[in-house]
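Subject: Handover of a structure

Dear colleague,

Please find the structure below, together with its sequence. My findings follow it, and I would be grateful if you would read them with the model open.

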Amino acid sequence: QRPKNFPPGPPTLPVLGNLLHLSTDDPLKDFERLRKSYGNVFSVFIGPQPAVVINGLKAMKEALVNKGSDFAGRPQDLFINHVTQQLGVVLENYGTTWREHRRFALMTLRNFGLGKTSMEDRIHEEIQQTIKTLEKSIGSTLSPQVIFHNAASNIICQVLYGKRFEYNDEMIKVIIKCFTDNAKMTNGPWAMIYDSLPILRKLPLPFRKAFKNYETCKNIAFDLLKEHKETKVPGEPRDFVDCYLDELEKKSADSSFSEERLAGYSLDLYFAGTDTTSNTLLTGFLYLVGHPHIQERCQQEIDLVLEGKDQVSFEDRNNMPYMQAVIHEVQRIANIVPFSVFHATMKDTELMEYSIPKGTMVIQNMKSVLTEEGQWKFPHEFNPENFLNEKGEFVKPEAFMPFSAGPRVCLGEGLARMELFLTMVTLLRKFKFTWPEDAGEPDYTPIFGLTLTPKPYRMKVQLRSKQ
Ligand code: HEM
């Protein structure tokens, strides 16, 4: 039963709610259909729980920005909360623990010239490893999936734990497998069943695999913490974990910092920083391979701006409007976190004149903004012109919000943007990527999950002559 003046939605079934209205392979299509019937703010029932789905820039801004604190909570009783044992920051409810931990991460990431190497240098070091791997395939084809996951994983791993893994190390394979499996399971059919039918939660059904994966990662994180505690020099932090351990030593009795939370927190950041950036890169190269004229135009701009320079710096983006437009267009079309992270209302509130009680789950349909008609010149096609004005200058429309907005906006946005720019420019400067002749047409349809992932593909790598 919908509460009074609650956003409308399809009729519900006892126990199942709207489970049967939502395809587990691609609920994005269902949301589009429901939006057409019920408007930009509608509701669905995940089993017994009502959820409000927000669509379009106007509603999104009202909720996330104008009424940011009303909508800044997180649901606390979903599959994903139970898997991650309520640790970390991503799923922490809006309040002191979240605020203290978010502030700490932003500050630590900002101060990151941590040690002697700046963030930019660390990213470049990892890109050199990517280049070495790509060089082994010159003249032939390769699947970029593992390469980009390894690179993104190592960059954030350096920041957090001060270490990287060789690409053939068993540990990185285990971690990435756990992350990618859990990303798919989290928005998948078994998570929906878990959330809709609490009675089944204790049964040995396939969703238990996600718990096991998390436990595996948590044990790895605990080993890394132990190593840090044994080797750390007070006041000389080497990485994020050291900074947190320093903070723990200073902590007052009522502090929300704890060793257990550090394990969960570092895993949150590790996961949030791996699957997002790597899938964006994968989508980016898929589109660039499928649109060779766009790839060539990027390369012309790169050659011109970087002439005589050894390596690109993040500053160079200001002289590369086309490259900037392409990267933003990749993020727009990739829609990497399609439902953002679910929010919850912190108090009884209103949205577009509907009443929404405290504690209601809120789902952002990101695609509805990233492809909203009226907001984009070419909402439904891959076209960097979406981010260029008539003078060829880079412009960022308000509806560009792949990192979300408001108090919960992605806290790794700065790092992600730096990674995407440095990686794409460096690789496009050195290599030409083409679609293999015998591979049919590129398939741009992504696989659904917490993150959207391109279907596995191969690309051909050649060295460019002009650099
Ligand atoms: C292309 C890359 C990325 C995209 C598209 C992305 C997108 C997002 C989105 C949509 C959210 C949810 C915001 C909300 O709830 O309203 C989010 C949250 C978050 N992201 Fe990212 N992200 C990316 C990279 C990263 C990286 C590299 C890190 C690690 C440093 C990171 C850390 C986080 C954290 C910790 C949160 C939770 C923030 C909170 O609850 O306060 N993300 N991200």
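Is Asn 335 buried or exposed? Asn 335 is buried, because 22 other C-beta atoms lie within 10 Å. A residue counts as buried if 20 or more other C-beta atoms lie within 10 Å of its own, as exposed if 12 or fewer do, and as partly exposed in between, with C-beta atoms placed from the backbone.

Two remarks on the source come before the rest. This is a predicted model, in which local features need pLDDT of at least 70 and side-chain atom pairs count only at pLDDT 80 or more, while totals for chains, interfaces and linings use all residues. Residues are numbered from 1 along each chain as its sequence is written.

The loop between H13 and E4

Helices (H or I, at least four residues) and strands (E, at least two) are DSSP runs, numbered from the N terminus. Asn 335 lies in the loop between H13 and E4, and its phi is positive, about 45°, although it is not a glycine. Ser 340 is placed in the loop between H13 and E4 and has a positive phi near 50°. Most residues other than glycine have a negative phi. Ser 340 counts as buried, because it has 23 C-beta neighbours inside 10 Å.

The two sheets

Two strands pair if DSSP finds at least two bridges between them. Four bridges join E8 to E9 (residues 459-463) in the antiparallel sense, and Lys 432 stands opposite Gln 462 in E9. Contact here requires C-beta atoms, placed from the backbone, within 7 Å. Axes are lines fitted to C-alpha atoms, for helices over the stretch in contact, and angles run from 0 to 180 degrees between N-to-C directions. E3 and E9 are antiparallel and joined by two bridges, with Thr 141 opposite Lys 460 in E9.

A further open sheet has four strands in the order E1-E2-E7-E4, with mixed pairing. Strands E1 (41-46) and E4 (343-344) stand at its edges with a single partner strand each, so one side of each has no neighbour in the sheet. E2 (residues 49-54) and E7 (residues 361-364) are parallel, with four bridges, and Val 53 has Ile 363 in E7 as its bridge partner. Helix H2 (residues 56-66) lies across E1, E2 and E7, at about 120° to E2.

The contact includes Asn 279 and Tyr 287 of H11 and Val 330 and Ala 334 of H13.

Of the 25 residues around the ligand, Ala 272, Gly 273, Ser 404, Cys 410 and Gly 412 come nearest; a residue is near if its C-beta atom, placed from the backbone, lies within 6 Å. H11 gives the largest share of this shell, seven residues.

Yours sincerely

Note on methods:
Two residues are in contact if their C-beta atoms, placed from the backbone, lie within 7 Å.
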